[in-house]
Structure formats: C-alpha cells, structure tokens
Amino acid sequence: MAAAPRTVLISGCSSGIGLELAVQLAHDPKKRYQVVATMRDLGKKETLEAAAGEALGQTLTVAQLDVCSDESVAQCLSCIQGEVDVLVNNAGMGLVGPLEGLSLAAMQNVFDTNFFGAVRLVKAVLPGMKRRRQGHIVVTSSVMGLQGELVIFNDVYAASKFALEGFFESLAIQLLQFNIFISLVEPGPVVTEFEGKLLAQVSTAEFPGTDPDTLHYFRDLYLPASRELFRSVGQSPQDVVQAIVNVISSARPPLRRQTNVRYSPLIMLKTVDSSGSLYVRTTHRLLFRCPRLLNLGLQCLSCGCLPTRVRPDEQNGAHDPHP
C-alpha cells in the first residue's frame with residue numbers, strides 16, 4: 001500500500017529556486033508530495049501557476065505567506081489540511097554595498113526575512129512535528145554562511161546566513177531526539193534574473209557616507225570580480241533544486257549539502273589554517289593586489305582544471321536515487 005503524500009510547505013516561491021522546487025516536487029512521478037507553494041505577494045503567482053500546469057489544484061496549491069508576520073504564518077498554516085511534513089525555508093533577500101552606505105533599517109530587514117523569518121516558521125511547525133515524532137526542516141542557506149571574505153561587500157547577507165547555520169546546527173542535535181531532521185543546503189553563486197538586476201542597480205548607487213577609496217574598491221574591484229565569479233562557477237536554479245529534491249527524498253537526510261563542486265576549493269581554503277589568517281591574507285591579496293590571478297583561478301574552476309576533492313552527492317553520505 002502506497003504511503004500518503006508528504007505535505008511540503010515552501011516559502012519564497014514567486015521566482016528562482018522556490019518556484020522551480022515547488023514545480024518539480026508537484027510533478028514527482030510517484031506523487032509523493034503535496035506542495036504548498038507560498039509567497040508574500042500573490043500578485044506574482046502567475047509565473048508559478050503557469051509552470052505548475054496540470055499539477056495546480058492537484059498536487060500544488062499556492063498560498064500567501066509573509067515570513068515576517070506572525071499573523072500571516074498562522075493564517076497560512078490554518079488553511080493547510082493535515083500537518084506539515086517537510087518545511088523548506090527558502091524566502092530570502094540580499095543586500096550589497098559598502099557598510100557605511102547601508103542603513104540599519106535595511107540590515108534589520110535582511111535579518112527579519114533571512115533569519116527570523118525562518119525561525120518564525122520553524123516555531124510554528126515544530127509542535128506538530130514533535131507530537132508525531134517525525135519531520136524534516138530544509139533551509140536554503142549559502143556557502144556565504146561558511147565563509148564571508150571572498151564575496152566582499154555582502155557583509156550583512158553573509159551574517160544572516162552565518163546566523164542560520166549556527167541556529168540550525170544547534171537545533172539539529174535537539175530535534176534528532178524527536179526523529180526530526182534538519183538539512184542546510186548551501187549553494188554557491190546562483191545565476192538568476194534577480195542577481196543580474198541587483199548587480200546592475202548597485203553599480204550606479206551612490207552609497208552616501210562612503211569614502212572615495214571604498215567606493216573605488218566596490219565599483220572597480222568587487223563588481224567585476226563578482227560578475228566573473230557568477231560567470232565562472234555560477235549554477236542554475238535547476239541545479240540547486242535537484243540537490244534539494246535529493247535531500248528531501250533521502251532516507252537519511254544530511255545536515256549539510258553543498259551543491260557546487262567547483263566552489264569547494266574556495267571553501268577548503270578556510271580549513272587549511274584554523275587561525276583564519278592565511279585565508280584572510282590570501283583572499284585579500286587575490287582581491288586587492290592580484291585580481292588578474294583571481295580571474296585566472298576562477299577560469300580554471302570554470303573549465304575544471306583545478307582539482308576538487310568534494311562531490312555534492314558524496315560528501316554527506318548515502319541518499320535515495322533521484323526521484
């Protein structure tokens with residue numbers, strides 16, 4: 001007798017990874033999932049509904065959810081039949097620019113969405129998962145929750161991802177006692193329309209209060225290096241979604257799953273010296289003194305001529321075959 005479909009609640013489904021994930025799970029050939037795809041603004045639901053096709057109203061429903069609002073979370077959960085079996089915390093936002101030119105309100109908004117939004121959803125679904133002694137919480141994190149130096153001028157975004165990593169790593173130990181698993185999926189750069197627009201916007205922004213030298217570093221060093229990073233090692237949303245689907249379908253979900261093998265050497269650089277000095281000085285030298293060498297290294301990562309010792313499907317143990 002076939003098992004009942006698992007209810008999967010996904011935040012941030014108006015575009016990008018959230019949209020692709022919702023559609024792929026809803027079209028699962030084995031019909032293992034009942035997807036509740038949510039977004040803050042339902043005015044943006046047309047793209048998702050068109051992509052869902054015949055799954056809309058069958059294995060996929062669209063619901064309004066603002067992760068920054070207790071009332072919105074409660075209202076969304078009250079409309080779900082049964083309990084949430086899998087929660088995917090995907091809603092998030094970025095913030096790029098010199099620190100002096102960013103307002104505290106903008107920084108707080110990033111944390112309200114990226115960190116406290118995830119915490120709010122977990123608090124809402126956790127009682128039911130504990131009562132049933134089963135559940136899976138998946139978090140769209142980032143390699144910038146593991147290292148923050150190479151992609152400079154993303155200080156606040158990196159901080160929000162570091163907060164997610166620490167919070168969920170600690171929580172994972174507690175929840176294992178209740179047979180509840182936590183998985184942090186850590187993409188590197190992901191090529192989306194949003195990222196392109198964001199880089200275009202900040203390239204002409206003023207950032208009042210920022211000194212001329214820092215503005216020069218931001219515009220003439222960071223922006224070209226960032227574009228090269230996305231061009232060289234960037235993944236498509238579909239690549240990241242496949243990694244998340246594998247995690248959700250896993251019999252023994254991993255705590256962490258990095259999705260981009262080409263980014264692994266940049267992550268491993270941090271582990272070479274536990275003091276952090278080697279990592280900071282090497283990254284500083286590449287960014288500020290030898291940008292051509294950095295570009296050459298990124299090109300080598302792009303073509304695969306630099307060795308990588310970590311494969312996304314091997315580093316975290318066994319999982320079920322692709323659905």
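So, in what order do the strands form the sheet, and is the pairing parallel or antiparallel? The order is 3-2-1-4-5-6-7, seven strands in an open sheet, and the pairing is parallel. Strand 3 (60-64) and strand 7 stand at the edges with a single partner strand each, so one side of each has no neighbour in the sheet. From one strand to the next, the twist averages 20°.

Quick housekeeping. This is a predicted model, so local features need pLDDT of at least 70 and side-chain atom pairs count only at pLDDT 80 or more, while totals for chains, interfaces and linings use all residues. Residues are numbered from 1 along each chain as its sequence is written, and side-chain values use heavy atoms, with hydrogens and water left out.

On terms: helices (H or I, at least four residues) and strands (E, at least two) are DSSP runs, numbered from the N terminus. Two strands pair if DSSP finds at least two bridges between them.

Now along the sheet. Strand 2 and strand 3 are parallel and share five bridges, with valine 35 partnered by leucine 60 in strand 3. Strand 6 has six of its seven residues buried, so it's largely enclosed by the rest of the structure. Buried here is under 20% relative accessible area, exposed is over 50%, and partly exposed is in between (1.4 Å probe, protein chains only).

What lies across the sheet? Helix 4 lies across strand 1 (6-10), strand 4, strand 5 and strand 6, at about 170° to strand 4. Helix 8 (residues 237-248) packs on the sheet too, touching strands that include strand 1 and strand 7, and makes about 160° with strand 5. Those angles run from 0 to 180 degrees between N-to-C directions, with axes fitted to C-alpha atoms, for helices over the stretch in contact; contact is heavy atoms within 4.5 Å.

Then there's helix 5. Its buried residues include Leu164, Phe168 and Leu171, and the buried residues pack against helix 4 (104-132) and strand 6 (180-186), among others.

On to the aromatics: the whole structure has seven aromatic pairs. Rings of Phe, Tyr and Trp (its six-membered ring) pair if their centres lie within 6.5 Å; planes under 30 degrees apart are stacked, over 60 edge-to-face, the rest tilted. Phenylalanine 207 and phenylalanine 218 have ring centres 5.3 Å apart and planes at 80°, so that pair is edge-to-face. Phenylalanine 218 also pairs with tyrosine 222, stacked this time, at 5.3 Å centre to centre and 15° between planes. Those two are four residues apart in helix 7, about one helical turn. Phenylalanine 218 is buried at 0% relative accessibility, and tyrosine 222 is buried at 4%.

Most residues other than glycine have a negative phi. Phenylalanine 207, though, has a positive phi of about 50°, in the loop between helix 6 (193-203) and helix 7 (212-233), and is buried at 8%. Lysine 31 has a positive phi as well, near 50°, but this residue is exposed at 57%.
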